[in-house]
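Here's a quick briefing to read with the structure open beside you. Take a look around first, then work through the points below.

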Amino acid sequence: ELLLRCAGLLPARVLAVRGATAQQKALGAAEREGNLHGSFRATCPLHGRRFLIVDDIITTGATLTEAARAITAGGGEVVAAATLAFTPLRVPGRALLKAVA
């Protein structure tokens with residue numbers, strides 16, 4: 001929320017976690033994506049709304065990918081994603097592109 005407010009934007013918490021997932025720390029990129037798939041859901045209809053997904057850190061892009069999937073499934077449009085930091089040794093370029101596609 002702080003990142004958004006500093007950019008002059010208002011946060012919209014429109015996603016909720018659906019069920020439990022395994023700890024991501026020891027998982028590889030494909031495992032993280034599989035672990036998170038289907039774990040978010042929209043809390044309200046998102047039709048006609050555009051979203052910037054904001055996350056604190058990107059490692060493989062799995063969280064951004066899942067958030068984008070859930071927003072799209074809820075009828076919203078993801079126009080961009082932003083993170084405060086990333087772990088360069090674990091982020092293949094294709095994951096970044098896929099996460100925001």
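What does the accessible surface of the protein come to, and what percentage of it belongs to carbon and sulfur atoms? It comes to about 6,500 Å², and 59% of that belongs to carbon and sulfur atoms. Keep in mind that you're looking at a predicted model.

**Overall layout**
- If you go through the secondary structure, you'll find four helices and four strands.
- The protein has 101 residues, and 32% of them count as buried.
- Take the contacts with a separation of 6 or more: 74% of them are between residues 24 or more positions apart.

**The nonpolar core**
- The largest nonpolar core has 12 residues in all: Val14, Phe40, Leu46, Phe51, Ile53, Ile58, Leu64, Ala67, Ala68, Ala70, Ile71 and Val78.
- Two elements, strand 3 (50-58) and helix 3 (62-73), each supply at least two residues of this core.
- Helix 3 makes the largest share, with five residues.
- As background, nonpolar side chains in soluble globular proteins tend to be buried together.
- Ala67 is a handy core member to click on. Skip its neighbours within four places in sequence, and Ala67 is in contact with Leu15, Phe40 and Ile53.

**A closer look at Ile58**
- You'll find Ile58 in strand 3, and this residue is part of the largest nonpolar core.
- Is Ile58 buried or exposed? Its relative accessibility is 5%, and buried means under 20%, so Ile58 counts as buried.
- Ala82 is 24 residues away from Ile58 along the chain, and the C-alpha atoms of the two are separated by 9.1 Å.

**The largest pocket**
- How much space lies in the largest pocket? About 950 Å³.
- The lining takes in 33 residues, and those nearest the pocket's centre are Leu15, Leu52, Ile53, Val54 and Asp55.
- Helix 1 (2-6), strand 1 (15-17), strand 3 and helix 3 each supply at least two residues of the lining.
- Which element gives the most to the lining? That's strand 3, with nine residues.
- Sorted by type, the lining residues divide into 22 nonpolar, five polar and six charged.

Methods
Residues are numbered from 1 along each chain as its sequence is written. This is a predicted model: local features need pLDDT of at least 70, side-chain atom pairs count only at pLDDT 80 or more; totals for chains, interfaces and linings use all residues. Side-chain values use heavy atoms; hydrogens and water are left out. Buried means under 20% relative accessible area, exposed over 50%, partly exposed in between (1.4 Å probe, protein chains only). Contact means heavy atoms within 4.5 Å. Accessible areas come from the Shrake-Rupley method with a 1.4 Å probe; for residues, only the protein chains shown count as cover. A nonpolar core is a set of buried Ala, Val, Leu, Ile, Met, Phe, Trp, Tyr and Cys residues joined through side-chain atoms within 4.5 Å. On a 1 Å grid over the protein atoms alone, a cavity is a set of points where a 1.4 Å probe fits but cannot get out, and a pocket is an open set with protein on both sides within 12 Å along at least five of seven lines; lining residues have an atom within 4 Å of a point. Grid points are joined across faces, edges and corners, and a volume is the space filled by probe spheres set on the points. Ala, Val, Leu, Ile, Met, Phe, Trp, Tyr, Cys and Pro count as nonpolar, Asp, Glu, Lys and Arg as charged, and the others, Gly among them, as polar.
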